[in-house]
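This report covers helix packing, the nonpolar core, a few individual residues and some backbone features. Please read it alongside the sequence and structure shown here.

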Amino acid sequence: KVATVFNADANFGIFARDVEIARKLVELKREHGYPKVFESNYAKNTVKHLRQIIEILADGDIVSTGTLSLQSVDPGTLETIQRSNIKVEKYDDLAAEFNKRGLPLAIELMMGLPGSTMASYLSDLQLCIDREVKARVYPTEVLMNSPMNDPHYRAEHQISTLRPVNHDWSESDQTRKKALVVSTTTFSREEYDRMERIRVALMLFENFAVGRQISRFVRKETGMREVDLYVRLVEEA
């Protein structure tokens, strides 16, 4: 009776064997009634096996919540973080398949990536709004063994970090918390704080739909992008 299975695979659907995994999930659902939901990060550069996988899961009455970990769609940012091999245009092919089946799709974006700017960050958010896809936006963390933590890389991009402090955490908890990237050569600390306020606003207005119909109306009447309206609301508030 495990209701939701989250697949620990950054590119599910890249191998032919993934089709068989989908069939096995449906087999288990028919035998036991579970799982009801299957969540996974899907392959970014190919939809070769994804159409079949989505069809199998949908026909098997398993809700497949798709996630694409794009981090950003800005070419300059992707090049800076050495991720320019991601073919962002493949996203639309996958989105079309999920939309046809009426299944939810989310995009994971990173806030505070080296190479990103306020303008590119807002464009990333608008991409999700344009496609009516939920954006999951995470602050960028510097992991111990990541290229971003290399001294030469940090110096080149002037990466400044901040380790969040919460007095409710124990000392051991605080040491495990990752350092957040709060400024680089392409955005200031003040801009980072502004990005965070916009991130929270997007969650409220878009993901929880508080401002979705209002922003669509404003864009239709004035041409103002939804994300620009949200920025205006944040600044006025």
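Which residues in α1 meet which residues in α2? Asp 18, Val 19, Ala 22, Arg 23, Leu 25, Val 26 and Arg 30 in α1 meet Gln 52, Ile 53, Ile 56, Leu 57 and Asp 59 in α2. By class, this contact of α1 with α2 has seven nonpolar, one polar and four charged residues. Contact here means heavy atoms within 4.5 Å. For the classes, Ala, Val, Leu, Ile, Met, Phe, Trp, Tyr, Cys and Pro count as nonpolar, Asp, Glu, Lys and Arg as charged, and the others, Gly among them, as polar.

The model is predicted, so local features need pLDDT of at least 70 and side-chain atom pairs count only at pLDDT 80 or more, while totals for chains, interfaces and linings use all residues. Residues are numbered from 1 along each chain as its sequence is written, and side-chain values use heavy atoms, with hydrogens and water left out. Helices (H or I, at least four residues) and strands (E, at least two) are DSSP runs, numbered from the N terminus.

**Helix packing**

The axes of helix α1 (residues 17–32) and α2 come within 9 Å and cross at roughly 0°. That angle makes α1 roughly parallel to α2. Axes are lines fitted to C-alpha atoms, for helices over the stretch in contact, and angles run from 0 to 180 degrees between N-to-C directions. Angles under 35 degrees count as roughly parallel, over 145 as roughly antiparallel, 65 to 115 as roughly perpendicular and the rest as oblique.

On the α5 side the contact involves Leu 122, Leu 125, Gln 126, Ile 129 and Asp 130, and on the α10 side Glu 226, Val 227, Tyr 230 and Val 231. Those residues divide into six nonpolar, one polar and two charged.

In helix α10 (residues 226–236), the residues Glu 226, Val 227, Leu 229, Tyr 230 and Val 231 are buried. Buried means under 20% relative accessible area, exposed over 50%, and partly exposed in between (1.4 Å probe, protein chains only). The cover over the buried residues of α10 includes α5 (118–130), α8 (189–207) and α9 (212–222).

**The nonpolar core**

The largest nonpolar core has 56 residues, and those with the most contacts inside it are Tyr 42, Leu 57, Leu 94, Tyr 121 and Leu 125. Helix α5 gives the most to this core, with seven residues. A nonpolar core is a set of buried Ala, Val, Leu, Ile, Met, Phe, Trp, Tyr and Cys residues joined through side-chain atoms within 4.5 Å.

**Individual residues**

Ser 69 lies in strand β3 (residues 63–71). Its relative accessible area is 13%, so Ser 69 is buried. The side chain of Ser 69 makes a polar contact with the side chain of Asn 41 at 2.9 Å. A polar contact is a pair of N or O atoms within 3.5 Å; within protein, one must be able to donate a hydrogen and the other to accept it, and residues adjacent in sequence count only if both atoms are side-chain atoms. Leaving aside neighbours within four places in sequence, Ser 69 is in contact with Asn 41, Lys 44, Arg 83 and Glu 108.

Glu 97 belongs to helix α4 (residues 90–101) and counts as buried at 12% relative accessibility. Not counting residues up to four places away in sequence, Glu 97 touches Arg 51 and Ile 54. Asp 59, in helix α2 (residues 50–59), is partly exposed, with a relative accessible area of 48%. With the same exclusion of residues up to four places away, Asp 59 touches Arg 30 and Arg 101.

Two C-alpha pairs are set out below.

| Pair | Apart in sequence | C-alpha to C-alpha |
|---|---|---|
| Glu 97 and Glu 55 | 42 residues | 8.8 Å |
| Asp 59 and Val 26 | 33 residues | 8.6 Å |

**Backbone features**

Most residues other than glycine have a negative phi, and most peptide bonds are trans. A cis peptide bond joins Tyr 34 and Pro 35, with omega about 0°. Pro 35 is in the loop between α1 and β2 (37–42). Gln 158 has a positive phi, near 50°, and sits in the loop between α6 (151–156) and β7 (160–162). Gln 158 counts as exposed at 54% relative accessibility. Ala 209 also has a positive phi, of about 65°, in the loop between α8 and α9. Ala 209 is partly exposed, with a relative accessible area of 37%.
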